[in-house]
Every structure is written in C-alpha cells, then in structure tokens.
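Dear colleague,

Please find below the structure that I am handing over to you. My notes on it follow directly after.

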Amino acid sequence: MPSRSSEIINMPDTSACAHLLRPNGKQINALCPSSFDDRASGPDTFANHKLEYGRKLNNSSEIYRLPADEEELDRLNKQQKMFIEIMGKYPPCLPGILQDDVPGEPKACLDLGCGSGAWIMELARDYPSSLALGIDLAPKQSTTMPDNCSVEVDDINLGLEHFYGKFNVVHAQLISSGIKNYEKLVDDISCVLRPAGLMHILEFDFHVYDHMPDGAHRRCDLDTSDIAGPWFARWMIFANMAIRKAGGHPDAATHLRRWTAEHPDLGDVVSHDYWIPVSPHSTFNVFQRHIGVQMREDVTSFLKSGRPLLLGNGVSEQIVDELQRNAEHELRTAALPQYIRVQSVYCRKKVY
Ligand SMILES: C[S@@+](CC[C@H](N)C(=O)[O-])C[C@H]1O[C@@H](n2cnc3c(N)ncnc32)[C@H](O)[C@@H]1O
C-alpha cells in the first residue's frame, strides 16, 4: 500500500485556510513554514523527480508518465491560454458559486492535477476572497503565486477523503493518463463538494478524429500492428496503449457524461465536445486555422513529451523516432484535416 505524500508547498498564512486544507494526520508537518521556504524558487525546486530518456518525470507515480519539467510546463501554460480562447474561462455558474456572500466563510476551490498552476492561480486572482488549492504529483512552485493560493504534493489515486465536504468548486483538466479509476474519482469529487458545489472536468480521449463529407466527426480507428500513416493518429494509438498499460484511464473522456449523469448526488449536468484542429489545414475556417497553428505547436511538443511514455512501455526507439518524425512532418505541412476531441462536463452537487 503506497503511503500518501502530502506536502504543502505554498500555504497562505490564514488560519481559516490552514484549517480548510489540512489533510488528515498531516497538518503539523504540512503547515510548517520551512517546507515553503526550502522550495521557494527556481525550476529545480520540484519535489520527487527522476530523469528518464532525457526528461524529468515525477518520482512518486508509476502510472503518470509524462514529464514534469520546464518544457512540459511551458507547453501546459500555452495550452491553457488556447483553451480559454476556445472555451472561455469558467462555466457560467462559477461566479455565482464563488460569490463572497457569507462573512467569515470563504469559498474554496480545488484543482486536481494542477500542473503548472495556470488555472488555479488565475482563479485565485479572479476571486481574491476565495481560497484556492492545487494538488499534483509534482506541482510547480511559482514566485507569483497569489496569497490566497497554494499547491500541495498529493496522489489523487490514494483517495480524496481528507477533502470531503470542503470545496465549492472542483476542477480537473487532462489528468486521465494518471488516474487509475476515473469513475471512482468522480464519486470522490462528489464527496469533496459542498452542497450546490460545482464539478468541472475536461478530458480528451487519446484518439484523433477526421470528418466525413457531411462534416460529422469520425474517429481514426487504428492499431499498433502497422507502422504507417496517418502518423499523428497512429502515434496517439501508441500513446493510448502505453497509458492503459501503465495503469491510466485514457478513454475516461468518453464516459464522463454518463458517470456524472448517473451519479445519485450530482445533477444539472452540462456536457460539450470541443473539436480542436491539430493543424491549420486549408479546408478549415479562419478561427480553426488560427487555433490549428497554436495546437500544432502544442502537439509537436506533446510528441516529445510522450517519448518516456512510449519508450518506457517497450516501444523501440526506432519505432518511436519513425512515428514522431512522420507525425511532425504531417503536422508541419498541415496535410490532414484532423482534430482532437476535448470533452467538457460540468455539474452541481445536489442539495437535499
Ligand atoms: C497533462 S497535465 C495537465 C495539467 C493541468 N491540469 C493543465 O490542464 O494544464 C496532467 C497533470 O496531472 C498530474 N497528475 C496526473 N495524475 C495524477 C495523480 N494521480 N495525482 C496527482 N496529480 C496527477 C500530473 O502530474 C500533471 O501535472
């Protein structure tokens, strides 16, 4: 049974927040100010790293196999800006939920798998009277972290019981590759939420899509027995298999709506598919091409980030190189009108 690693990296100095964020049995060490001071600056102050295939990976989970280094965090920061352009910042009900309407009882928001912290820090700045917490296997310590925001080292797969009933908003974005059982996570989140709280999840399914002549999207159903084009779609199938083999849940996006809609304590479910072009193909409209340029940069960097995942799962270096080289060319030349699908689901905890 793995032990929980729960260590607060930046803790706002307010007793209300400290009380709110205490993990069971961990509060004394976790709130010790020196743990903040020791990690105060610089990219090399991440906890728990190991070096694999030239990239820094978290050292506490064998499941999540994407890097946790500056290059990856830079990709995530840019990706977050692009997501805001495509989807907006928050679900429409979020401002009402985080309204500072009960004196002495600040609203609280949790970001699961916060990565670079781009989302949770932005939320903390937008809602300065709320308390914001990000947790991650290897969260980024930022020198510009708002006072009402903190990040904590934690493995979501070990359960979220220490947070039950403590948050008004729970957000999770693109973490499925590190989650053993996503349906259980949805149930955990339902317990973490206060009554009428908001859950917002965004995931993609590690597949590539094209479209039919009538415009309907169609999944590129490929397998790993062939090493042939379409190359980015082929690379994605290898990534999907590697994540599954490592114990992650790559197709969670496909089931999110059902899991939330069928959950007895969750209601008002709203779901939406965002079809994000992976390159500026000539048949795309102006906005799609604009996004396609940004997404191409993101995906090209993602191909590099995925090397430890594929190589660590026994795919030969020769095959990884061939897949990556051809996928990069396919993207650079915007050869195919392809998309990834990001599934967004948000819902409220029922009030009884
Ligand atoms: C692809 S990144 C996305 C980061 C951020 N949510 C975003 O959208 O920019 C996935 C993040 O989830 C974290 N993660 C994955 N599995 C996790 C787990 N079991 N517990 C905590 N964090 C996890 C990783 O460390 C990584 O920072």
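Why does Pro264 count as exposed? This is a predicted model, and in it Pro264 has 8 other C-beta atoms within 10 Å. Pro264 is exposed because a residue with 12 or fewer such atoms within that distance is classed as exposed. Pro264 sits in the loop that runs between helix H9 (252-261) and strand E11 (266-277). Its C-alpha atom is separated by 9.6 Å from that of Asp187, although Pro264 and Asp187 are 77 residues apart along the chain.

I turn next to helix H8. This helix covers residues 231-246, which makes 16 residues. From its first C-alpha to its last it reaches 23 Å, close to the 22 Å expected at 1.5 Å a residue. Its buried residues are Trp231, Phe232, Ala233, Arg234, Trp235, Met236, Phe238, Ala239, Ala242 and Ile243. Those buried residues pack against three partners: helix H10 (286-305), helix H11 (307-312) and helix H12 (317-332). Just after H8 comes Gly247, with a positive phi of about 110°.

Finally, there is the ligand. How many residues surround the ligand? There are 25, and the closest are Gly113, Gly115, Ile156, Gln173 and Gly178. At least two residues of this shell come from helix H4 (70-87), and at least two from strand E5 (131-136). By residue type, the shell around the ligand divides into 13 nonpolar, nine polar and three charged residues.

Yours sincerely,
A colleague

Conventions
Residues are numbered from 1 along each chain as its sequence is written. This is a predicted model: local features need pLDDT of at least 70, side-chain atom pairs count only at pLDDT 80 or more; totals for chains, interfaces and linings use all residues. A residue is near a molecule or strand if its C-beta atom, placed from the backbone, lies within 6 Å of it. Helices (H or I, at least four residues) and strands (E, at least two) are DSSP runs, numbered from the N terminus. Ala, Val, Leu, Ile, Met, Phe, Trp, Tyr, Cys and Pro count as nonpolar, Asp, Glu, Lys and Arg as charged, and the others, Gly among them, as polar. The expected span of a helix is 1.5 Å times one less than its number of residues. A residue is buried if 20 or more other C-beta atoms lie within 10 Å of its own, exposed if 12 or fewer, and partly exposed in between; C-beta atoms are placed from the backbone. Two residues are in contact if their C-beta atoms, placed from the backbone, lie within 7 Å.
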